[in-house]
Amino acid sequence: MRHETSLKLHAHWDALRAGRAAPGRDEVDPAAIRGVLASVFILDVGARRSDAVFRLSGTRIDALFGRPLRGTAFRRIWSARSAALAAATLDAALDGGRPAVAAARGGAPGRGALDFELLLLPLDGGRHALGSLATSSTPGWMGLAAAAPLDILPAHDPRTPDRGGFGRRRAALTLHPGGRGIATPAAPRS
C-alpha cells in the first residue's frame, strides 16, 4: 500500500477488528475516515463472489464513472481482460482475511489515463468487503466524462508501483500480513 487513502482506510479497518479476522460492516465509522470517504466503497458479496455489487460508493468514485455505482456489479468497472484479476483480488482479500492491493490504470476515452490503487478488506466474515479506489491526482475530466472500465496492471508491468519487500505478491496484487492471527512485521529500528 502506498496511497494515503489506502493507508488510512487500512488503519481504521485494522483498529476495528481488534485481533479478529475482520470487523463487521456496521462497525465502520464514516466520521473516522471522512478525509478519504469520497474514495471508499462497500461491496455486498453473495454466495457467488463474481456477483458482488456496490452497496455504497464515495462521491469521487461516482464522479469518476459518471454515475452512482450503488447496485452496480463490481466486475462492471473492470475491462474484460481485468475482470478475472479483479475477482481474484476480491477472493484473495475474502479468503485470506487480509488486505489485498492491486495497481490499476484507466481514464476517460481520449482524455488521458490515471494510475489507481485498489484496496480490498474483508468485513462480516466475507459477506461484505470494504475498499478504496484512489488516485493521486484529480483529472480535469472527472465529473464531465465517465471513465472507461479500468485495467489491473500485471505485477511485471513497469507502471506497477514498487511496494518494497512488505507483503506477498500474487499476479497483479499484493497480500499484506496482518489478518487471521498473522503477525505484522515490526518496522526496522534506526
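**Exercise 1. How many of the 10 residues of strand 4 (residues 114-123) are buried?**

Solution. This is a predicted model, in which local features need pLDDT of at least 70 and side-chain atom pairs count only at pLDDT 80 or more, while totals for chains, interfaces and linings use all residues. Residues are numbered from 1 along each chain as its sequence is written, and side-chain values use heavy atoms, with hydrogens and water left out.

Step 1. Strands (E, at least two residues) and helices (H or I, at least four) are DSSP runs numbered from the N terminus.

Step 2. Apply them: nine of the 10 residues of strand 4 are buried, and the strand is thus described as mostly covered. For the chain as a whole, buried residues make up 49% of the 190 residues.

**Exercise 2. Describe how strand 4 and strand 5 (128-134) are paired with their neighbours.**

Solution. Step 1. Two strands pair if DSSP finds at least two bridges between them.

Step 1. On one side, strand 3 (residues 100-106) is joined to strand 4 by seven bridges in an antiparallel arrangement, and within it Ala-104 has Phe-116 of strand 4 as its bridge partner.

Step 2. Strand 4 also pairs with strand 5, again antiparallel and over seven bridges; Leu-118 stands opposite Leu-133, and Leu-120 has Gly-131 as its bridge partner. These two strands form a hairpin with four residues between them, and Asp-124 in the turn has a positive phi of about 50°.

**Exercise 3. Why is strand 5 said to be largely enclosed by the rest of the structure?**

Solution. Step 1. Seven of the seven residues of strand 5 are buried, and therefore the strand is largely enclosed by the rest of the structure.

Step 1. Examine both faces: His-128, Leu-130, Ser-132 and Ala-134 point one way, whereas Ala-129, Gly-131 and Leu-133 point the other way, and all are buried.

**Exercise 4. Locate the largest cavity and characterise its lining.**

Solution. Step 1. A cavity is a set of points, on a 1 Å grid over the protein atoms alone, where a 1.4 Å probe fits but cannot get out, and lining residues have an atom within 4 Å of a point.

**Exercise 5. Describe the surroundings of Thr-135.**

Solution. Step 1. Thr-135 lies in the loop between strand 5 and strand 6 (151-152), and Thr-135 is buried, with a relative accessible area of 8%.

Step 1. Taking contact as heavy atoms within 4.5 Å, Thr-135 touches His-3, Arg-60, Leu-114, Asp-115 and Phe-116, not counting residues up to four places away in sequence.

Step 2. The side chain of Thr-135 also reaches the backbone oxygen of Asp-115 at 2.9 Å.

Conventions:
On a 1 Å grid over the protein atoms alone, a cavity is a set of points where a 1.4 Å probe fits but cannot get out, and a pocket is an open set with protein on both sides within 12 Å along at least five of seven lines; lining residues have an atom within 4 Å of a point. Buried means under 20% relative accessible area, exposed over 50%, partly exposed in between (1.4 Å probe, protein chains only). A polar contact is a pair of N or O atoms within 3.5 Å; within protein, one must be able to donate a hydrogen and the other to accept it, and residues adjacent in sequence count only if both atoms are side-chain atoms.
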